[in-house]
Amino acid sequence: MITLKGWAGAFTAACLGITMAHVAPLLATEREEPKPQILFTNVHVFDGKSDKLTEGMSVLVEGNLIKKVSTETIDAPGATVIDGEGRTLMPGLIDAHVHLNMQFVGYGNDRGIQGAQLFTWEEIGALAYEAAREYLPAGVTTVRDLCGMSQGLRKHIDSGALKGPRIYLSGACIGQSSGHGDWRLEPEVIRQDGEKSNLELLGFTTLADGANEVLKATRNNLAGGADFTKMMAGGGVTSERDPIESVQGTAEELGAMVAATSQFGTIAAVHAYHDESVKNAIRAGVMSIEHGNLMMEPKTFQMVAEADAWIVPAMAAFADEVLEHPYYGNPDLPAYAKTAKIQKNGETWIRLAKESNVNLAFGSDVVVSTKDVWRGSRDFQITQWGRAFGNLRTLKAMTSDAGKLMALTGDMNPYPDAALGVINVGAYADIILVDGNPLEDLSLVGASPKMFGVESRPTPSVDTIPLVMKDGLIVKNTLN
Ligand SMILES: [Zn+2]
């Protein structure tokens, strides 16, 4: 990660390099300066993978990496010591499906994502930063954004100017005219003059018809800082004009996206609910299925598993409670019938996912929300995961497993120096302390048993996570 200090150092070195070759020894001395160390003592470690905590550990962080993990006392005389007082130390959480630019556009908008067509960039940007500020106090140190962002917000978070998690991003989602990514308002559709709609101009979505347009859109995303890309391969819930059963994107179009991403050493993702669109995507070489909630055939799960691809399911959509949602659960709105269909498939889906042992990562996937609804939905999503897959698999989906999905960005990985989602020597120092054992109780990492009707967190904080470290820096500390 580039810190402000890092930038300053880079400018200094560049100037010296150009003007004063003889100062090289000074630079060498600078490089040898010891990195700051932070030593956690008296903690039980959940490493992101194991079914048990390792008790009585010490963990030494040096710079932005984990340097030592030991049951023995670690000798680090210059380190700042944090006594964990028997808390659990575990990896910072990863949310593998977010929409920072769309998360809070529920304020003053009852038309779903289409309503965001009427927003200005300053509204979107301000609400996106407010969305980003939700994550660190909840223990989430990495998010993966799946349409709607270029690298602007990330640049300022990574520089230290703004507070927020690490961000993996897909750039504008790519989709066909009339498909899930077509959020044009009616007058814009009728116009048919090729002029871009507001959400296209804002980089939320790119309408692309034909393999050449998909190639161009994919490469344009990569040019704009995308680490991977996403295309709409089937009908969606939040779009008003496409049937949820519709297959979207041709084999040539999906193939074009996969070709362009694999040339850059990264992966392609798709939005897809049902069997046919998932199969098309897997055949084309897509490695990440977003949602997949209407998959009903064992064969489809097998195909995903055999390709070693991933599914990031919307688990809350399987719960009865989703029909109480003010948008998805409102029978007067077009999303209702689609939501009801998905909700019915929950039992089958969970069984098939378990039988196929397919790769799964946790994603909250909440759009067009207010803070109350967002916090309720995200926290409930964790509960739904626990009910379906148990606490260990849920925690892995939020840490080590999600970390593997992030690493598939390969040559385009914005954080390429170490692993995310694990407590290992050499991994990034993204660490949280938890007031108890999350393997026994997911509420400690924010799970809440009801989507609605509970008092939502009044602040972004999950109070049972008193300390959060991102990239070696303590970004939340309410100990004492
Ligand atoms: Zn989504």
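Student: Do S6 and strand S7 (residues 140-145) pair in the parallel or the antiparallel sense, and over how many bridges?

Tutor: They run in the parallel sense, and the pairing covers 4 bridges. Before we go on, remember that this is a predicted model: local features need pLDDT of at least 70, side-chain atom pairs count only at pLDDT 80 or more, and totals for chains, interfaces and linings use all residues. Residue numbers start from 1 along each chain, following the sequence as written.

A few words on terms. Strands (E, at least two residues) and helices (H or I, at least four) are DSSP runs, numbered from the N terminus. Two strands count as paired if DSSP finds at least two bridges between them.

Now the sheet itself. It's an open one built from 3 strands, in the order S6-S7-S8, with parallel pairing. S6 (93-98) and S8 (166-169) stand at the edges with a single partner strand each, so each has one side left without a neighbour in the sheet. From one strand to the next, the twist averages 20°. Such angles run from 0 to 180 degrees between N-to-C directions, with axes fitted as lines to C-alpha atoms, for helices over the stretch in contact.
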